[in-house]
Amino acid sequence: MITQGAKITTQCADCGGVLVRDVGQFLDRGRLCWGTEASCPTCPAAWCEEDGGGPTPEEIRQALLAEHGPARLHLVRPELSLVPVLRALRAAHGLPLAQARAMAVELKTAGLAGTLVEVEFTAAALRDRAVAVTVETSGG
């Protein structure tokens, strides 16, 4: 399982104390999912939320990127046809052709950047279409 997490602290709406949120993204049965658990050590405020398939809230994405840095997806052979790339991107992300084409061009040139889980999700879709890719993390 590929997972990545971070902590976010905010003010507790119930007592004004420090609310600690554990946020993250993970892959579950081929789906890109996100979750968050929050608790306040000063009062009984606590909750959790999880989504399996919807877009990750930007606050969670930014916390993961700040904590871990971006990962980048590259084509091993960028000179090959983009047809299987387009098919994989459209299927994985539900994109119209124009958006998939822009994403494919970015992948072919600079590479696609995102959280590690997002990049691994896209990499899996491409590998399923026999498109060779590499994933580069901020650590090298």
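Author: Let us begin with E120, which is buried, with a relative accessible area of 19%. Buried means under 20% relative accessible area, exposed means over 50%, and partly exposed lies in between, with a 1.4 Å probe and protein chains only. This is a predicted model, in which local features need pLDDT of at least 70 and side-chain atom pairs count only at pLDDT 80 or more, while totals for chains, interfaces and linings use all residues. Residues are numbered from 1 along each chain as its sequence is written, and side-chain values use heavy atoms, with hydrogens and water left out.

Reader: With which residue does the side chain of E120 meet in a salt bridge?

Author: Side chains of opposite charge can pair when their charged atoms come close. The criterion for a salt bridge is a side-chain nitrogen of Lys or Arg within 4 Å of a carboxyl oxygen of Asp or Glu. E120 pairs in this way with R127, at 3.7 Å from N to O. R127 is partly exposed, with a relative accessible area of 41%.

Reader: How many salt bridges does a search of the whole structure find?

Author: The search finds 8. One of them joins the side chains of R21 and E59, at 2.9 Å from N to O. Because R21 lies in strand β2 (residues 18-28) and E59 in helix α1, this pair ties together parts that are 38 residues apart in sequence. Here helices (H or I, at least four residues) and strands (E, at least two) are DSSP runs, numbered from the N terminus. Another salt bridge joins E118 and R61, at 2.5 Å from N to O. E118 belongs to helix α4 and R61 to helix α1, 57 residues apart.

Reader: What is the volume of the largest pocket?

Author: Rolling a probe the size of a water molecule over the atoms shows where empty space is left. On a 1 Å grid over the protein atoms alone, a pocket is an open set of points where a 1.4 Å probe fits, with protein on both sides within 12 Å along at least five of seven lines; lining residues have an atom within 4 Å of a point. Grid points are joined across faces, edges and corners, and a volume is the space filled by probe spheres set on the points. The largest pocket has a volume of about 410 Å³. Of its 20 lining residues, those closest to its centre are L32, H93, E118, F121 and T122.

Reader: Which helix supplies the largest share of the lining of the largest pocket?

Author: That share, 4 residues, comes from α4.
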